[in-house]
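Take a look at the structure below. This report covers how its parts touch one another.

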Amino acid sequence: MTSLPVDWLEKDRRKLRVDASAFSDKVYEALTAACAVVIPTLVIAIALAIFVAAWPAFSKLGLSILTSSDWDVAAGHFGAAPAVFGTLVSSAVALIIATPLAIGIAIFLSEFSPLWLRQPVGFLVDLLAAIPSVVYGVWGIFVLVPMLRSSVMPFLRDTLHLGSTPFFTGPAYGPSMLAAGIILAIMALPYISSVSREVLMAVPRSQREAALALGATRWEMIRDAVIPYAKSGIIGGIMLGLGRALGETMAVTMVIGNRLEISASLFAPGYTMASLIANQFSEATNDLQLSALMAVGAILFVITLIINAIARWLVWRVSKGQAA
Amino acid sequence: MESVEGSGRMKNARRRHLVSGVMIGLTYICAILATLPLLLILWHLMVKGASSISLAFFTHMPRPVGEPGGGMANAIVGTLILIGIASAIGLPIGIGAGLHLAEKKTTPLAQTTRFLADVLNGLPSIVMGIFAWQILVRPIGHFSALAGGVALGAMMIPLVTRTTEEMLLVVPTSLREAALALGYPKWRTSISIVLRTALAGIVTGALVAVARIAGETAPLLFTALGNQFWSTSIGQPIAALPLQIFVYANNAYEELHQLAWAGALVLISIVLVISLAARLVTRSRFGAAVD
């Protein structure tokens with residue numbers, strides 16, 4: 001047997017195979033890279049599409065979209081200030097209610113909960129994030145709003161005498177900024193608590209042990225050794241919840257009352273940017289109104305983009321262990 | 001002197017332990033308060049929704065206002081079609097992007113993509129809705145199931161990308177190295193070794209993403225629009241369960257409110273079944289849930 005030709009054949013074949021696999025590797029890498037490129041492309045496309053559509057409104061109305069509260073479709077006035085105000089206030093109410101609860105439950109789950117409770121309670125809270133927005137809306141309209149109207153609002157206003165402050169005055173219609181704030185609080189809660197729990201769990205054991213060894217009670221350990229360590233991550237979680245609350249549409253649209261007015265009272269109906277788009281977009285009668293609604297969407301897009309970017313950065317800093 | 005100081009210290013210690021006990025008790029109360037809304041919502045859905053659910057709800061079409069009965073057959077089918085379109089777009093692109101992120105951890109493209117995927121995940125769904133309207137409804141001139149499916153699919157991409165990446169990173173590097181050492185080409189290593197090992201986790205991620213978009217309403221308002229009639233064409237407006245619930249709940253008629261409750265119960269059942277399936281898939285493979 002002459003070995004030379006076989007060797008030669010084998011070598012050639014191997015070379016061919018290597019070439020083929022190098023080629024298919026290239027194809028594979030190009031394909032996955034193309035999939036990855038879709039995401040930045042999508043972000044740019046969204047930004048472009050919305051800003052192009054919003055441009056006529058921005059150039060014609062200028063800053064008055066943000067500052068004027070005159071929204072008159074027939075007259076061509078589009079001042080969305082009440083909607084911006086409503087978005088900010090309803091989200092603020094949501095955070096005021098949700099933050100202490102969410103941090104409380106995060107501390108409970110990461111520090112004090114009996115082991116057998118940890119999984120089920122954590123699961124229940126996470127489940128809140130899985131409930132569709134429209135289901136919250138249905139519950140809000142038919143359960144929460146009547147309950148607010150018949151008992152909670154009169155209780156706050158008359159029994160607690162909060163009616164003397166500007167925030168809890170006026171007739172209790174039911175659909176109101178308060179209703180929106182409460183629904184948003186329930187919806188933001190799982191986001192804040194799951195991020196907080198994660199960063200609390202990431203605090204090194206030695207922090208806790210050192211505090212206990214110095215004679216701290218269990219609460220002092222949390223307050224002085226654990227929370228300061230996890231602080232920026234928890235703030236990140238709150239901002240993530242804020243991002244959710246700012247952009248939430250359906251549930252809010254169903255309970256906020258949809259009135260374009262600025263009122264200090266949480267009992268008064270209001271409007272948010274997202275619900276303004278949801279209610280008026282498909283019925284927009286002229287191009288300027290469409291463009292103005294696109295402009296409201298563009299503002300919402302930019303605000304949530306910034307909030308989310310900051311939130312991610314804060315959480316990332318803690319999970320990388322760079323926080324002081 | 002010393003005994004006074006000692007008793008003061010004792011008192012102080014007792015006070016500190018009392019404060020500690022109260023604060024710990026407060027976290028228990030937080031846990032109860034935080035789970036209360038969920039239980040309340042589920043309970044109301046059961047009570048109010050279950051009484052309106054019948055076989056007709058699943059098999060009949062909506063009746064005109066005033067006529068009793070009727071169902072949401074078209075909306076249930078419409079939601080399934082929308083989920084199908086969204087998955088056809090979101091899953092392959094999301095998994096592909098996840099593979100890329102897991103393999104090229106630190107290239108500029110990977111880092112930008114990872115960050116922007118997180119940003120997209122936080123994007124309000126109504127913004128995705130007006131985006132889809134601008135690129136798919138406005139130029140074509142009419143609403144369509146396709147536009148709704150694209151909006152939902154675009155929401156799925158970043159979700160699937162991030163979970164796929166996370167699941168792939170759990171696969172030990174030694175597996176990949178072993179396959180490469182045996183002469184497997186890189187792409188086959190990625191697909192038939194790494195991806196296969198992480199398959200259960202990726203399926204879980206996909207199911208979670210489907211559960212998330214199944215209940216979305218805002219992106220469909222100006223894209224799929226809703227439809228009172230039977231339609232399965234992707235070029236035409238299509239009914240969807242969340243849209244129908246929204247319309248019925250805002251209506252003045254009591255019968256429609258009943259249907260809205262029933263629809264909400266069906267919708268949340270779909271979402272919860274998919275979420276539970278997601279947990280079970282991972283559990284059966286690894287013996288315990290991943291998260």
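Two residues are in contact if their C-beta atoms, placed from the backbone, lie within 7 Å. The model is predicted.

Start with the two chains. On chain B, 70 residues are in contact with 67 residues of chain A. Several helices of chain B give two or more residues to this side, including H3 (73–103), H6 (145–170) and H11 (254–286). Helix H1 (2–50) of chain B is also one of them. H1(B) gives the largest share, 18 residues. By class, the side of chain B that touches chain A has 48 nonpolar, 19 polar and three charged residues.

Now turn to chain A. It is divided into domain 1 (1–61) and domain 2 (80–319). The C-alpha centres of these two domains of chain A lie 41 Å apart. Their contact takes nine residues from domain 1 of chain A and nine residues from domain 2 of chain A. The side of domain 1 of chain A that touches domain 2 of chain A has eight nonpolar residues, no polar ones and one charged.

The table gives its geometry.

| Helices | Angle | Axis separation |
|---|---|---|
| H3 (81–112) and H6 (177–202) of chain A | about 40 degrees | 6 Å |

How do H3(A) and H6(A) lie to each other? They are oblique. H3(A) passes H6(A) in a right-handed crossing. The contact of H3(A) with H6(A) has 24 nonpolar, eight polar and one charged residues.

Notes: Residues numbered from 1 in each chain as written. Chains lettered and ligands numbered in written order. Predicted model: local features only at pLDDT ≥ 70, side-chain atom pairs only at ≥ 80, totals over all residues. Helix = DSSP H or I, 4+ residues; strand = E, 2+ residues; numbered from the N terminus. Nonpolar A, V, L, I, M, F, W, Y, C, P; charged D, E, K, R; others polar. Axes fitted to C-alpha atoms, helices over the stretch in contact; angles between N-to-C directions. Parallel < 35°, antiparallel > 145°, perpendicular 65-115°, else oblique. Left-handed = near helix turned anticlockwise from the far one by under 90°. Domains from an automatic or database assignment.
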